[in-house]
Amino acid sequence: MRLRNAGAKNPSSWASSEVTEGIPQFARFLILKSLFDIAKSTYDNITMASDFDDEVEEKYDAIKDIVGEEKLLSFLTSYSKGIIYNVVGLLDEGNQEADRDKISWTLMKTDENFQSTGQVIQGLHEDFLEFEDEIK
């Protein structure tokens, strides 16, 4: 029920995998959905980009005038997905220089009290490319 409420088109396959394989699929689904929501929030991303570049809106308008708003928004959404896919890889793999740095990280599932369940959330890249087909 929670997967369906969260927007999963095929909640039973996610839930079955969580039960039979012990993979925290609901947590994985929520992370991937949140990342896709970010990628599709083009106007919010442009607004946030203005914190890093005072001229971003003027640049956006100039490009929009040349290629049209529909193409520009489509490009920016695809570009955002590319960036997020790289972030997903970073979350999945941890620090590539862990031997040198003597530190890495992992994404862990927590309970409602924010206590670790001990379940590692990984393999996000495996579902990311096709994830858009999984959400309503």
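The side chain of Asp 92 places a polar atom 3.0 Å from the backbone nitrogen of Gly 123. A polar contact here is a pair of N or O atoms within 3.5 Å; within protein, one must be able to donate a hydrogen and the other to accept it, and residues adjacent in sequence count only if both atoms are side-chain atoms. The model is predicted, so local features need pLDDT of at least 70 and side-chain atom pairs count only at pLDDT 80 or more, while totals for chains, interfaces and linings use all residues. Residues are numbered from 1 along each chain as its sequence is written, and side-chain values use heavy atoms, with hydrogens and water left out.

Asp 92 belongs to helix α6. Helices (H or I, at least four residues) and strands (E, at least two) are DSSP runs, numbered from the N terminus. With a relative accessible area of 15%, Asp 92 is buried; buried means under 20% relative accessible area, exposed over 50%, and partly exposed in between (1.4 Å probe, protein chains only). Not counting residues up to four places away in sequence, Asp 92 touches Gln 122, Gly 123, Leu 124 and His 125, where contact means heavy atoms within 4.5 Å. Lys 9 is 83 residues from Asp 92 in sequence, and the two are 24 Å apart in space, C-alpha to C-alpha.

Asn 95 is found in the loop between α6 and α7 (98-101). This residue, Asn 95, is also buried, at a relative accessible area of 14%. Its side chain reaches the backbone oxygen of Ile 103 at 3.0 Å. Leaving aside neighbours within four places in sequence, Asn 95 is in contact with Asp 101, Ile 103, Ser 104 and Trp 105.

Two residues have a positive phi without being glycine. Lys 102 has a phi of about 65° and sits in the loop between α7 and β1 (107-110). Its relative accessible area of 71% makes Lys 102 exposed. Phe 114 likewise has a positive phi of about 65°, and its place is the loop between β1 and β2 (116-121). Phe 114 counts as exposed, at 69% relative accessibility.

Helix α6 also meets other helices. The axes of helix α5 (residues 56-67) and α6 come within 7 Å and cross at roughly 120°. Axes are lines fitted to C-alpha atoms, for helices over the stretch in contact, and angles run from 0 to 180 degrees between N-to-C directions. From α5, Tyr 60, Ile 63, Lys 64 and Val 67 make the contact, and from α6, Glu 69, Lys 71, Leu 72, Leu 73 and Leu 76. The residues of this contact divide into six nonpolar, no polar and three charged. In this division Ala, Val, Leu, Ile, Met, Phe, Trp, Tyr, Cys and Pro count as nonpolar, Asp, Glu, Lys and Arg as charged, and the others, Gly among them, as polar.

Helix α4 (residues 42-49) is another partner of α6, with axes that come within 10 Å and cross at roughly 75°. That makes α4 roughly perpendicular to α6. Here Thr 42, Tyr 43, Asn 45 and Ile 46 of α4 meet Glu 69, Leu 73, Leu 76, Thr 77 and Ser 80 of α6. This contact of α4 with α6 has four nonpolar residues, four polar and one charged.

The aromatic rings come next. Rings of Phe, Tyr and Trp (its six-membered ring) pair if their centres lie within 6.5 Å; planes under 30 degrees apart count as stacked, over 60 as edge-to-face and the rest as tilted. By this rule there are seven aromatic pairs. One of them is the tilted pair of Phe 36 and Phe 131, at 5.6 Å centre to centre with 40° between the planes. Phe 36 lies in helix α3 (residues 25-40) and Phe 131 in the segment after α8 (124-128), so this pair ties together parts that are 95 residues apart in sequence. Phe 36 is buried at 2% relative accessibility, and Phe 131 is buried at 0%.

Tyr 85 and Phe 128 form a tilted pair too, 5.7 Å centre to centre and with 40° between the planes. Because Tyr 85 lies in helix α6 (residues 69-93) and Phe 128 in helix α8, the pair ties together parts that are 43 residues apart in sequence. Tyr 85 is partly exposed at 29% relative accessibility, whereas Phe 128 is buried at 3%. Both pairs belong to one aromatic cluster, formed by Trp 14, Phe 29, Phe 36, Tyr 85, Phe 128 and Phe 131.

How values were computed
Angles under 35 degrees count as roughly parallel, over 145 as roughly antiparallel, 65 to 115 as roughly perpendicular and the rest as oblique.
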